Amino acid sequence: MPNLSLVKNPMPEQEPAVRARNFQEVALGYTAEMAVNEADRCLHCKNSPCVSGCPVNVPIPDFIAKIREGDIIGAYHLIRSQNALPAICGRVCPQESQCESKCVRGIKGEPVAIGRLERFAADTAMAEGAAAAEKKPACGKRAAVIGSGPAGLTCAGELAKAGWDVTIYEALHTAGGVLMYGIPEFRLPKALVSREIEGLKSLGVKIVTNAVAGKAFTVDELLEEGNDAVFIGSGAGLPNFQKIPGESLCGVYSANEFLTRLNLMKAYTFPEHDTPVKIGSRVAVIGGGNVAMDAARCAKRLGAEVTIVYRRSEKEMPARAEEVHHAREEGIIFWMLTAPTAIEGDENGFVKSMKCIEMELGEPDERGRRRPVPIAGSEFELPVETVIVAIGNSPNPLIKKTTPDLPTEKWGGIQADASGRTGKKHVYAGGDAVTGAATVILAMGAGKKAAAAILEDHPN
Amino acid sequence: MYPIIRKKVLNETTTLMEVEAPLVARKARPGQFIIFRIDEEGERVPLTIAGYDREKGTVTIIFQKVGYTTEKLDTLQEGDSLQDFVGPLGEPSATEGIHRAAVIGGGLGVAIAYPQAKALHDAGAEVDLIVGFRNEHLIILQEELQAACTNLIIMTDDGSNGNKGFVTQALEKQIRDGREYDTVIAIGPLPMMKAVSEMTRPLKIRTIVSMNPIMIDGTGMCGGCRLTVGGETKFACVDGPDFDGHLVDFDEAMARGRMFRPEEARAREKHTCRLTGEAR
């Protein structure tokens, strides 16, 4: 008889008032007892609708069955067979719009907490030092992977398991891409990302840091040097600005800069680490996505009063429901239907306020989201010392510039089909570099598909 | 790790280091820069490439002790290693179409002006190299500079080398005396580059400046290095570091350069106490 509770086992979390003052992980993870109890809620539907919602096809009911039996390591290996980075996905996947959105239990009540169970299995296996994934003998084929974010790591892992000799080239000094520089410690501990990356290294994957594709080497050179295939997973790293007056004032950051200072450079420990971050007592974050939530919650932890300014309503916010909920709990203020029009500075060139205008929703745009329209005469001024712009990123042009025969979209994305094949022979691409800014799991799905295409196109 | 294979003190505030970094040396060109990090706790700091040896796989940097990290870098010796050293970053300086150039270097800018002057000189251009120092004891790279140009003019603020004045005054004099330049390249502190650009603007001489703002990644990711050039936002790391001096908003760049000054002071205090072991 399954557990018929209509609600998930709640996730133990740090108290909002406590966690809003530290950078430690917010969600603490299930105990074994909670995990088994939650696993009991799974009905093991014959057609497994949840699996169809997973970009990497994790055998969800099977791993949940293993947890129920108490075979956590077995559960981990089942997840690991399809997902290279389970401890990461269990934390940052938008399960509510993927696997859990298809769960039959979700029709009446809450779906099974698939993400929390995935995390439990991965964390338990890591703590117990579960064996690395199995690997085929070396096949003599070589691949270069550009970028060590979720797309690149996944592609590299899949190819290494198939016996390929894989080298990842990373521009920054630390591997992990957005997992290291973007997503904050309190949502995804960096030690955990490092451990997942060590797992890939134990499969034989080599990682070269401080290696900027398009500068230190080109895609063509990688092919000439004997790589059978090149995968480009360089992400969408170029921050967008609003092009409103005052964006160059001191105190205006792109979310990328603000988060990189904190996450990659550990500025929240300054002066223990050498990189500073400067923040006022009042901070405005522009945008409504996960990155905006991350930036806002980081600013809060540095002691600021934080306001999120978003031009549409909460319904249109692209951030995960859980992130918005956590942000609210921590005391972040939300100003919906509000758009900034200018940032004002003091006589020394530092931000002193942000001018805004209220919006209302008009007709839907081409993507079906209702377009925000300014309300005449509703202008007002928000006093702030720091403004963080989190309105999205564009692909980095360095590779495009130095690989003239690689077809790209007008907006800079690399053209690739659903399997990751680009218009250039032996060159594959996936993740944000192709789709524009999206999620970790979609990038992982793309890396995995591209690896399959590479294996198909380069048979032994 | 990136070993320091040669260290040379050029003057009391300026040091040269040759660093083993084959991946950077392979592609480096004049005008490009690197970013280094001393250790795991270190910040990422950009420095212009002063020279490179593709065969040895080394890159030369010249730095002035102006802040916490450069002071700390100066304590490293031959045989020590840097944690990180990435590049070449930025666009190389353009040399095409330049036949008669004045290359202006002020302070540490001299170290950056040197490879640019040399590249132009090697490409057959006539190059007047005008460099400035506070006094004659601070003059660096004199032999190298001499070999990298047609005419070398060294100015000192106090006149201790017998040639008193600022680089802008020297440039003005050259032009007044009838020297014709198709291009002026100015590298150094922002006020100097601004002054040169203002001087050449009415004369309509193409003027290129090399910008060195605060940045983190150096690949276009953080946007911290943004500048306003001709009314548009540009990233110094990927669009530059060279820009048209007549289009750069120098006042904004100067304001942005002051953003972290108090934090810099705090980091230096920590440095002092680490070096001396004294409690503050």
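## Packing of helix α6 in chain B

Contact here means that heavy atoms lie within 4.5 Å of one another, and the structure to which this criterion is applied is a predicted model. By that criterion, the buried residues of α6(B) pack against β8 (100–106), α5 (167–176), β11 (183–187), β12 (206–210) and α8 of chain B.

The helix in question, α6, spans residues 190–200 of chain B, and its buried residues are B:M192, B:M193, B:V196, B:S197, B:M199 and B:T200. These residues lie on the same side of α6(B), because the arc that they cover around the axis is only 160°. An α-helix has 3.6 residues a turn, so residues three or four places apart point the same way.

## Extent of the interface

Between chain B and chain A about 3800 Å² is buried, with 56% of this area on carbon and sulfur atoms. On the chain B side, the residues that lose the most area to chain A are B:M221, B:R226 and B:M259, which together account for 18% of what that side buries. The contact involves 45 residues from chain A and 47 residues from chain B.

## Polar pairing and composition

Seven salt bridges are found across the interface of chain B and chain A; one of the salt bridges in the model joins A:E221 to B:R26, whose closest N and O atoms are 3.9 Å apart. The interface also holds 21 residue pairs in polar contact, with both residues at pLDDT 80 or more.

On the side of chain B that touches chain A, at least two residues come from each of α2 (68–74), β7 (84–89), β13 (226–229), α8 (250–257) and α9 (261–276). The residues of this side comprise 19 charged, 18 nonpolar and ten polar.

Key:
Residues are numbered from 1 along each chain as its sequence is written. Chains are lettered from A and ligands numbered from 1 in the order in which they are written. This is a predicted model: local features need pLDDT of at least 70, side-chain atom pairs count only at pLDDT 80 or more; totals for chains, interfaces and linings use all residues. Side-chain values use heavy atoms; hydrogens and water are left out. Buried area is the accessible area (1.4 Å probe) that two parts lose on being put together, summed over both. A salt bridge is a side-chain nitrogen of Lys or Arg within 4 Å of a carboxyl oxygen of Asp or Glu. A polar contact is a pair of N or O atoms within 3.5 Å; within protein, one must be able to donate a hydrogen and the other to accept it, and residues adjacent in sequence count only if both atoms are side-chain atoms. Helices (H or I, at least four residues) and strands (E, at least two) are DSSP runs, numbered from the N terminus. Ala, Val, Leu, Ile, Met, Phe, Trp, Tyr, Cys and Pro count as nonpolar, Asp, Glu, Lys and Arg as charged, and the others, Gly among them, as polar. Buried means under 20% relative accessible area, exposed over 50%, partly exposed in between (1.4 Å probe, protein chains only). The arc is that of the directions from the helix axis to the C-beta atoms.
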